[in-house]
Amino acid sequence: MTSTKKDPVLVVLQLTGGNDYFNTIIPYNDSLYYDNRPYVKYERDQIIPIDNELGFMPTMGPVKDLYDQGKVAIIHGIGYPNSPRSHFRSMDIWHTCEPDKVGTEGWAGRMARELDPNKENVLTAINFGHGLPRALAVPGVPVAAIADLGTYGLLTGISDQSQRSLALDLFSRMYSPTVGGSMVGDYLRSTGTDAMKGADIVKIAPEKYSSTVEYPNSPIATHLRDIAQVYLADLGTRIFYTQHGSFDTHAGEAAAHPKLWEEVSQGIAAFFQDLNEHGRGDNVIMYLFSEFGRRVHDNGSGTDHGAAGVSFFIGDPIKGGMYGEYPSRKPEHLEQGDLVPNYDFRGAYSTIVEDWFKMDAKPIVNGNFQKLPVLK
Amino acid sequence: MSHKEDLALMAHLMRRAGFGATREELERRVAKGYEATVEELINPTEAQPAGRMALLLRYHPSFLLPGGVPFSAQANWMYQMISTQRPLEEKMALFWHHVFATGNSKVDNADQMLEQVEMFRKYGMGNYQTMLVELSRNPAMIFWLDNNENHRDAVNENWGRELLELFSMGVSNYTEVDVREVSRAFTGWTIAPKLPRLPYGRFPWKFEYKEEDHDDTEKSFLGETGRFNGEDVIDIIVKEPATARFICRHLYNFFVADEPQVPAWTIEPARDEEALEMMIDSFVSSGYEVKAVLKTMFNSEFFKKARFAKIKSPTEVVAGTLKMVGEFQFPDVGLLQIGKEPTYMGQSLLDPPSVEGWHTGSEWINSGSLLARINFVADRVANTQLPGIQTIISQMKSDGVRTPEDLVDASLEHMGYLELAEETKGQLLEYARKGGNLDWKNQETAGRRVGEMLALIGATTEYQFG
């Protein structure tokens, strides 16, 4: 096993659907905010000020608390040139770091390959959710996908527990190496054994875990609790990936957006509180991103797809504060009505790869991009 | 051949030429005969309608024009796969989707993706030359490979290159100049200006030929010279021996047995050269009729012998299982979920990873996808409430299945006449013996044991092959 307590660990939290940057970190003293958002805005007295210019939207209080402790870095104006404003294409670009062609390998999967080149740990990278996001998909790199840690495993459909353990015993024998098997058969057997091993190892995480922290009842908080359990069980997992959404608030944003951020913020607060209760917050960073921001002017009940967005780094190792510039809201500076990105997301990834994991970023993000001094 | 052997062969045919069949359907088809079944699959009549789209329209109208919601489009296709009475037509649509891989990640218009699949249904078993012309005019494809950016005065080679490299001849059979010339021949083949998506949503895309943007000057392509347009280039392409070989090898890989991945085809010899030659002969002598190759292939000995020589694709696992257990015969709630299931196993329908399509064979399998496959199958076949499983249980009861040996054998038959390695079978038997004979007086327990045995068979390495 490559696991030691001090191996740096990354949690990626993807805000799927295009989070409204303009309504997340709000330039609350700018009249252009109120002019552009006749219907979809937060009232000034509810916005949580950061400084004289900017504030968190109202349900991000728990994140503001972490910010006040110096643990949150806000990355302004993130994106990439010529945003296609399409969810799928845009998410693909964020996942593969290929803005000009259709990429096949995910950046986080490439990191996993570098972190565990001999595939010693079947749990080096885990997605919490169904299947794999393209960010984690690289042929030949084992990545686990856990929809629900409590029920994760093989043949979970067999409800009778004694029958199931007999079935699992049979499975392990059926998948043990045989003499004179075909190459494909051997490959299947070793993969099945890996899968069972992974499920077996990860099973101990909830058993080992105890905490006084109560996570709120939301899908993202549940995933974050599962992540905390696996991390605290020291199974050598280096990349945790999960997502929450949908932030695609074309309509009804005034109701949906605060609820989404309430779930995310409370989940994050519980997660870090949990790590701190166990004295284990020192080698985890969390990275939050969304595939794009949203249109500056609202559409009467929501906002449409935009360009520049906001990212966050959170954790004890993070040097809190604001990085970069909030893009100009002046009409003459917008492109197709959108905030123009002024910082390339691949720079944020490079920061993670080089300054956190101490690896070469170029082959992972496909080029050289400006990093950010967000790590202590 | 014994009746059982007939059924096993028919099960093989229906797995490959469709998405599997229940015992009842196999019996019916065996009564009709193997070659007659092949004929019916290749030439479906009006008595065999495609998927139950009227029902889908009534219960899930948004699935027919899903616009910006690709999951609904995936569910739509999955429903067609399990409800069609034209299984080969549907399987061929999936085949062409593998070859002419177009992805919603860029197209971002699920309506157009479904329209492309419909085009595959319509032309998929017809003439390959016609298919290529239709493909060249297909709006999703034009946008996917940027032919709308291919202008008389500014050539974009994306479509021209992939047409040669991935859709017809394969690499190393043409030059860079040929790519350029083909691309020039397709200048002006574009889509009509798209209407803004907002506020009314996505509008249908339409093919448009723009005479004024077409480069009508002379071109030289593979030794021929003329003022070629797109159709002329396709005429030349289909006659190339490399094309027949490339398409037939794709068909062999998809329907008969796993070949190495496409990029290796210039280096690795075909798995069965003689079989490939037979298929190529049918293709060329029929004037590039896909049906002719299919008929030769399905009726051949090499096909009949190729049982369990392919790893099932995720789509085959999901559709095959749903057909077997009789789930979603009716488009009820939860249908959205079944379109996502292949994604969890590594095959996001309508969204292949790139224009090269999916890597098949053992590359379908990794620890995550194997777990997802096994659990998906086990969750369903062990569910004795599902109609297909209830039918299997009552059939076993009336067939007098009693001993552990009977139980394993009958279960294997119901799982598609699966053939197991001696050792695996021994292990299953040992497991079955622990429960002793089936006691049909306690139908619930007996049924549960049948479900468990089916689930365990679904978990074998052998079951990953189809």
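Where in chain A does A:S246 lie? A:S246 sits in the loop between β8 and α8 (253–277) of chain A. Before we look further, keep in mind that this is a predicted model.

- The peptide bond that joins A:G245 and A:S246 is cis, with an omega of about 5 degrees.
- As background, most peptide bonds are trans.
- A:I239 belongs to strand β8 (residues 239–245) of chain A.
- A:I239 counts as buried because it has 24 C-beta neighbours inside 10 Å, and the cut-off for being buried is 20 or more.
- Leaving aside residues up to four places away in sequence, A:I239 touches A:L10, A:A108, A:M111, A:A112, A:T124 and A:A125.
- A:I239 and A:E291 are 52 residues apart along the chain, and 19 Å separate their C-alpha atoms.

**An enclosed helix in chain A**

- Helix α4 (residues 107–115) of chain A is largely enclosed by the rest of the structure, because seven of its nine residues are buried.
- The buried residues of α4(A) are A:W107, A:A108, A:G109, A:R110, A:M111, A:A112 and A:R113.
- Among these, A:A108, A:M111 and A:A112 are also touched by A:I239.
- The cover over the buried residues of α4(A) includes β1 (9–16), α3 (87–96), β6 (125–128), β8, α9 (345–356) and α10 (362–365) of chain A.

**Two packed helices in chain B**

- Helix α5 (residues 70–83) of chain B packs against helix α18 (residues 314–325) of chain B at an angle of about 50 degrees, and their axes are 9 Å apart.
- That angle makes α5(B) oblique to α18(B).
- The crossing of α5(B) past α18(B) is right-handed.
- On the α5(B) side, the contact is made by B:M78, B:M81 and B:I82, while α18(B) brings B:V318, B:A319, B:L322 and B:K323.
- Sorted by class, the residues of this contact between α5(B) and α18(B) are six nonpolar, no polar and one charged.

- Most residues other than glycine have a negative phi.
- B:S172 is not a glycine, yet its phi is positive, at about 70 degrees.
- B:S172 is found in the loop between α11 (158–165) and α12 (176–185) of chain B.
- With 10 other C-beta atoms within 10 Å, B:S172 is exposed.
- B:F328, another residue other than glycine, has a positive phi near 60 degrees.
- The loop that holds B:F328 runs between α18 and α19 of chain B.
- B:F328 has 18 other C-beta atoms within 10 Å, so it is partly exposed.

**Domains of chain B**

- Chain B is divided into domain 1 (1–42), domain 2 (127–304) and domain 3 (382–464).
- Taken over C-alpha atoms, the centres of domain 2 and domain 3 of chain B are 47 Å apart.

**Where chain B meets chain A**

- In this interface, 36 residues of chain B are in contact with 41 residues of chain A.
- On the chain B side, the elements that give two or more residues are α7 (104–107), α19 (335–344), α20 (367–381), α23 (422–434) and α24 (443–458).
- The largest share of that side comes from α20(B), which gives eight residues.
- By class, the side of chain B that touches chain A has 14 nonpolar, 16 polar and six charged residues.

Technical notes: Residues are numbered from 1 along each chain as its sequence is written. Chains are lettered from A and ligands numbered from 1 in the order in which they are written. This is a predicted model: local features need pLDDT of at least 70, side-chain atom pairs count only at pLDDT 80 or more; totals for chains, interfaces and linings use all residues. Axes are lines fitted to C-alpha atoms, for helices over the stretch in contact, and angles run from 0 to 180 degrees between N-to-C directions. Helices (H or I, at least four residues) and strands (E, at least two) are DSSP runs, numbered from the N terminus. Angles under 35 degrees count as roughly parallel, over 145 as roughly antiparallel, 65 to 115 as roughly perpendicular and the rest as oblique. A crossing is left-handed if the near helix is turned anticlockwise from the far one by less than a right angle, and right-handed if clockwise. Two residues are in contact if their C-beta atoms, placed from the backbone, lie within 7 Å. Ala, Val, Leu, Ile, Met, Phe, Trp, Tyr, Cys and Pro count as nonpolar, Asp, Glu, Lys and Arg as charged, and the others, Gly among them, as polar. Domain bounds come from an automatic or database domain assignment. A residue is buried if 20 or more other C-beta atoms lie within 10 Å of its own, exposed if 12 or fewer, and partly exposed in between; C-beta atoms are placed from the backbone.
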